[in-house]
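The sequence and model come first.

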Amino acid sequence: MRAVLSVARVLLALAPTGAPARSDGDVALVVRPRWLLEVESGARHEGWALRVEGSQIAAIGPANRVAVPPGARLIELPGATLLPGLIDVHVHLTWDDGRSEATREAARATLAAGFTTVRSCGAPEGADLVLRDAVERGEIVGPRIVAAAAPLGVTGGVCAQVFPGHGVVSTQLEALAHVRRIAEAGASWLKLCAGGGVLPGADDEAALEMPSSMLAAIVAEAHRLGLRVAAHAQGPVAVSAAVRAGVDSIEHGGLLDEAAAELMIERRVFLVPTYYRQRWRHERTLARGAPAADLERSAAEMRRARERQRRAIALGVQVAMGTDATVVPHGLGAREIGALTDLGLSPLEALRAATLRASDLLGWKDRVGSLAPGHYADLVAVDGDPLAEIEVLERVVLVIKGGMIVRAGQRPLEATP
């Protein structure tokens, strides 16, 4: 006999403690949505199913061809679309020791929103390494975390202001020592600040915090040690210098110009626009009744970034989806996917930015970002069709991470005691 569960009844099958329910050993998990979306082709399959065995996807195809083994858990999702687990490549989940309740809530909210993998673009003193390991051990419920440890920036620069501590350097020798330190600690990315503020402003057009020779030496050392490099850069000078130095992604790029965009295309460097956070800030400015001058300045900055980023994307710059949470509250990641359509991406391309393109940037194309057999069973189901209405990505009805049900209906789950 097999258990058949509608969305509403999934909760009844969970462990009584409220801990995540896993598909272990011989107990398979079969999901039958109304539609299954293959992000590679854009095909929306009606009447298909997906089977999970252990932590991996085992089979996918028409429901009558996907076997439901005896004892399997069968989840029926009428009206829902099943997607790969979403990926946010720019978050900041922890600002403390990596274990506080605020950190735990940030991780829970991110996972409950359907984001099963994230790239942490830095945390004070490398607290994201602590959080990553706690999630992997099952002590904290959260997404898979690709961690960058303490960001690298020069004294007086934006990284030094936001992340004071081990990553603040004054010389190239200190910078190279920091790269070696975080590599030894277990980071897989280096986040550095090349130039520009947290949000793009007029002064960022020509901003550059590090000499080009220093940037090149840092990136070369990081790559030698197996670390990829993300560069915070707003204006064309910082973007171009970072790209010439060999970075793997540009974070924000709110003021990049066509020449910088062409260089990114030539070097195959990803752009992580983090665009929605400007809209969020403008909405908050409006809500608190700010003076008209502040509102106009905020709107002008948002329009300028939109125009620059739309042009870069139209030219062919590759985009991976990142939110910069906590600038945007944790759990609102789907709004960034919707905002990418405002930058000229189709709903399908916006979804690819949060799945296929994001996994490519992370170097994880063989494990996440696709509903492919052999990949992690990281799944999200949403109420409706995101290709017709991108906003349905905010209506999450089921989240599965590595074969474990971590959200069903309105109930995100807690860590195992």
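## D257 and its surroundings

In this predicted model, a polar atom of the D257 side chain lies 2.9 Å from the backbone nitrogen of A260. That is within the cut-off for a polar contact (a pair of N or O atoms within 3.5 Å; within protein, one must be able to donate a hydrogen and the other to accept it, and residues adjacent in sequence count only if both atoms are side-chain atoms). D257 sits in the loop between β15 (249-252) and α7 (258-267). Helices (H or I, at least four residues) and strands (E, at least two) are DSSP runs, numbered from the N terminus.

With a relative accessible area of 31%, D257 is partly exposed. The classes are buried, under 20% relative accessible area, exposed, over 50%, and partly exposed in between (1.4 Å probe, protein chains only). From C-alpha to C-alpha, D257 and E205 are 9.4 Å apart in space and 52 residues apart in sequence.

## Cysteines

The structure holds 1 disulfide, defined as a pair of cysteine sulfur atoms within 2.5 Å. It is formed by C159 and C193, whose sulfur atoms are 2.0 Å apart. The pair links distant parts of the chain, 34 residues apart: C159 is in helix α3 (residues 158-162) and C193 in strand β13 (residues 189-195). The torsion about the S-S bond of C159 and C193 is about 70 degrees, so this disulfide is right-handed.

C159 and C193 are both buried. C121 is in no disulfide, and the nearest cysteine sulfur, that of C159, is 9.8 Å away. C121 counts as buried because its relative accessibility is 1%.

## Nonpolar surface patch

W95, V162, V198 and V327 make a nonpolar surface patch of about 280 Å². Like charges are joined within 9 Å, and nonpolar side chains (Val, Leu, Ile, Met, Phe, Trp, Tyr) within 5 Å. V327 lies in the loop between α9 (292-315) and α10 (333-342) and is partly exposed, with a relative accessible area of 33%.

## Whole chain

The protein chain has 12 helices and 20 strands. Of its 417 residues, 58% count as buried. The C-alpha atoms fill a box of roughly 65 × 45 × 45 Å along the principal axes.

## Basis

Residues are numbered from 1 along each chain as its sequence is written, and side-chain values use heavy atoms, with hydrogens and water left out. Because the model is predicted, local features need pLDDT of at least 70 and side-chain atom pairs count only at pLDDT 80 or more, while totals for chains, interfaces and linings use all residues.

Conventions. Patches are made of residues with over 30% relative accessible area and no salt bridge: like charges are joined within 9 Å, nonpolar side chains (Val, Leu, Ile, Met, Phe, Trp, Tyr) within 5 Å. Accessible areas come from the Shrake-Rupley method with a 1.4 Å probe; for residues, only the protein chains shown count as cover. A salt bridge is a side-chain nitrogen of Lys or Arg within 4 Å of a carboxyl oxygen of Asp or Glu.
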